[in-house]
Amino acid sequence: MKNEHFLTSMHTHTNFCDGQDDIETMCAAAYEKKLLTIGFSSHAPITKKTGIKGDWLMKDNLIYEYVDQVLAARKRWKGKLEVLLGFEIDYIKGLRSALDIDIKSLNPDFLIGSVHFIIPANGAQPFTVDGPMGEFSAGLNDGFNGDGNALMNCYYDALAEMITLGGFEILGHADIIKKNCLTDGTQSNLWLAENEAHRQAEISHIAAEKHIIAEINTGGINRGKINDVYPSLTFLRLFKEKNVPVIITSDAHRAEDLCGNYEYALKTLNNAGIKNHVIITGMNKQKIIWHLKELL
């Protein structure tokens, strides 16, 4: 399948957070793969603001260097590759959102809104829903007394709150909760399946109202974590019902993963009945320029 069918990579991590390669290496790989646009979306710092730590997040003292390096790469690659400055923002209720002034003041070209952190209502320690299985299991037990349905609802509550608040362009891996809840890499455990479709329909409705672009993310496949895209086929069909535009991303943490498994993503979109996907081609007055490209 030819690269012009997908053209962009907007969910990209470098060694400023938990990626392996630097900005220049990622740009060179994007150019080699004949991409039109690469969007850098480092995990925004949260420790100074929230007190929560994570070794996969950008450190607070690196944020200005990150911005400078992305903008410098934009100049170097002008005329050959569109380079956009972005962040992946972790929504943490009352602590971090895409509307925070510390991020907005940096004038990012785009933001990805994601939920990784779960904040148990019983006061137990926050944990990441997609973290190592040991951490996830401990969080499930300590924060929810082993009640997976309660955890699932907590995750989708946070996702709904994040989308309602807005301030970002792309919805990140909307059902990433399934990463640690799959029986064979593709099928959800029963405690997720019972009420999850209802919650996903709710998310699709809010995303449509807020004019959010949803990503179909191949990162879990690229890193050998699951055998499916985020979000699932059933979730994508709900996005289709609500006319939520979808963009293909690889959530690349290595240069070699840029565009990884995009062919599978395209097939999944086709199976969902989605006939177009978003192509981001640049910026205009602080707004991303995007178009819908027809699937073949």
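**View 1. Glu-209 in helix α7 of the predicted model.** In this predicted model, Glu-209 belongs to helix α7, which comprises residues 190-209. The relative accessible area of Glu-209 is 53%, and the residue is exposed because exposure is assigned over 50%. Thr-164 lies 45 residues away from Glu-209 along the chain, and the C-alpha atoms of the two residues are separated by 8.8 Å.

View 2. Ile-248 is placed in strand β9, which covers residues 246-249. With a relative accessibility of 2%, Ile-248 counts as buried, since the term applies under 20%. When the neighbours within four places in sequence are left aside, the residues in contact with Ile-248 are Thr-8, Ile-216, Tyr-262, Ala-265, Leu-266, Leu-269 and His-277. For one of these contacts, Leu-266, the separation along the chain is 18 residues, and the C-alpha atoms of Ile-248 and Leu-266 are 8.0 Å apart.

**View 3. The packing of helix α1 against helix α3.** Two packed helices are described by the angle between their axes together with the distance between those axes. Helix α1 (residues 23-32) and helix α3 (residues 63-76) pack at an angle of about 35°, and their axes are 10 Å apart. The crossing of these two helices, α1 and α3, is right-handed. On the side of α1 the contact is made by Ile-23, Glu-24 and Cys-27, while α3 contributes Tyr-66, Gln-69, Val-70, Ala-73 and Arg-76. Sorted by class, the residues in the contact of α1 with α3 are 5 nonpolar, 1 polar and 2 charged.

View 4. Ile-63, Tyr-66, Val-67, Val-70 and Ala-73 are the buried residues of α3. Seen down the axis of α3, these buried residues fall within an arc of 130°, and therefore they line one face of the helix. An α-helix has 3.6 residues a turn, so residues three or four places apart point the same way. On the other side of α3, the exposed residues are Tyr-64, Asp-68 and Lys-75. The cover over the buried residues of α3 includes helix α1, strands β2 (37-43) and β3 (82-90), and helix α4 (101-104).

View 5. Most residues other than glycine have a negative phi, and most peptide bonds are trans. Lys-34, which is not a glycine, has a positive phi, near 65°, and this residue lies in the loop between α1 and β2. Its relative accessibility is 62%, and Lys-34 counts as exposed. Asn-145 likewise has a positive phi, of about 55°, although it is not a glycine. The loop that holds Asn-145 runs between α5 (133-144) and α6 (148-165), and at 70% relative accessibility Asn-145 counts as exposed. The peptide bond from Tyr-230 to Pro-231 is cis, with omega near -5°, and Pro-231 is found in the loop between α8 (219-222) and α9 (233-241).

How values were computed: Residues are numbered from 1 along each chain as its sequence is written. This is a predicted model: local features need pLDDT of at least 70, side-chain atom pairs count only at pLDDT 80 or more; totals for chains, interfaces and linings use all residues. Side-chain values use heavy atoms; hydrogens and water are left out. Axes are lines fitted to C-alpha atoms, for helices over the stretch in contact, and angles run from 0 to 180 degrees between N-to-C directions. Helices (H or I, at least four residues) and strands (E, at least two) are DSSP runs, numbered from the N terminus. A crossing is left-handed if the near helix is turned anticlockwise from the far one by less than a right angle, and right-handed if clockwise. Contact means heavy atoms within 4.5 Å. Ala, Val, Leu, Ile, Met, Phe, Trp, Tyr, Cys and Pro count as nonpolar, Asp, Glu, Lys and Arg as charged, and the others, Gly among them, as polar. Buried means under 20% relative accessible area, exposed over 50%, partly exposed in between (1.4 Å probe, protein chains only). The arc is that of the directions from the helix axis to the C-beta atoms.
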